[in-house]
Amino acid sequence: MRARQSRPSVARVYSYVLGGRDNYGVDKDLGDYFIEDLPGSEQLAITNRQAILRAAKVMAEAGIRQFIDMGCGLPAAQNVHEIVRQVQPDAHVVYIDDDPFVVAHGRALLAVDEGIVVLEADIRDPGGIEKHVEVQRLINFDEPVALLFGITLSFVNDEEDPTGIVQYWTDRIASGSRIYASQFRSGTTREAVATANKILEAFGRGRFRTDQEILSCFGTLTIDEDGLRPCARWRPDPADPDSPRPDLTIWESLVVGAMARKP
């Protein structure tokens with residue numbers, strides 16, 4: 001655990017920016033950099049999280065009752081299972097994260113019944129995830145499955161084949177399944193470059209990608225009619241008085257998402 005404390009964690013920094021308290025000094029230092037030195041950049045985390053929850057609701061409303069959250073992060077004020085079970089009360093949810101700190105907290109706070117599990121696994125090992133006994137128990141791949149990749153593919157290097165990861169699941173999920181993914185979008189402004197450099201320097205991996213590169217990660221899936229949009233504008237909540245956003249900050253334009261369906 002000492003090694004984990006010497007370097008910031010994506011999940012812990014993300015949680016800190018969202019107002020969470022389960023983090024270490026190194027996570028707070030990085031989070032404070034974004035909040036204080038790049039004011040407004042915390043919207044990367046905020047709008048991304050809001051879009052993930054909206055995507056989960058859309059999937060549940062489409063009738064899907066099986067969810068795999070690839071890189072769930074620390075428990076938040078609202079979590080995927082709470083959103084989808086408002087629509088599908090018997091939904092099964094598998095939370096995945098590679099940080100044992102995150103997994104320990106998730107098991108304590110998210111796994112409230114036998115239909116929810118939190119697993120320590122790496123999204124770069126889709127075969128290992130699929131074959132996990134708990135995934136086999138909760139997920140029936142002969143029926144539609146919803147997969148959420150909330151920013152996690154941005155931390156998969158090109159040589160680790162993010163498109164191949166999505167294609168692995170595409171080949172295994174049933175017709176009618178859906179995949180939502182958000183990623184960091186590359187930009188050329190001073191603020192965009194500073195944000196990208198700081199994130200990649202701090203975590204030592206990943207890449208900001210162009211729209212074309214992000215869309216290519218969906219492989220053979222069919223992108224829905226919304227296409228690729230900034231998360232702040234992806235399926236805005238009509239009940240939210242601030243939606244849809246007429247203008248975006250520089251940082252809000254740097255995180256985009258799309259949903260795709262397996263025909």
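**View 1. Arg-12 puts its charged end over the ring of Phe-101.** The distance to the ring centre is 5.4 Å. Here "over a ring" means that NZ of Lys or CZ of Arg is within 6 Å of the ring centre and within 35 degrees of the ring normal. Keep in mind that this is a predicted model, where local features need pLDDT of at least 70, side-chain atom pairs count only at pLDDT 80 or more, and totals for chains, interfaces and linings use all residues. Residues are numbered from 1 along each chain as its sequence is written, and side-chain values use heavy atoms, with hydrogens and water left out.

**View 2. Tyr-168 has the charged end of Arg-172 over its ring.** That charged end sits 3.5 Å from the ring centre. Tyr-168 is buried, at 15% relative accessible area (buried is under 20%, exposed over 50%, partly exposed in between; 1.4 Å probe, protein chains only).

**View 3. Tyr-168 and Trp-169 make an edge-to-face pair.** The whole structure has 7 aromatic pairs (Phe, Tyr and Trp rings, the six-membered one for Trp, with centres within 6.5 Å; planes under 30 degrees apart are stacked, over 60 edge-to-face, the rest tilted). This pair counts as edge-to-face because its planes meet at 80°, with the centres 5.5 Å apart. Trp-169 comes out buried, with a relative accessible area of 0%.

**View 4. Phe-184 and Phe-208 are stacked.** Their centres are 4.7 Å apart, with 15° between the planes. Both Phe-184 and Phe-208 are buried.
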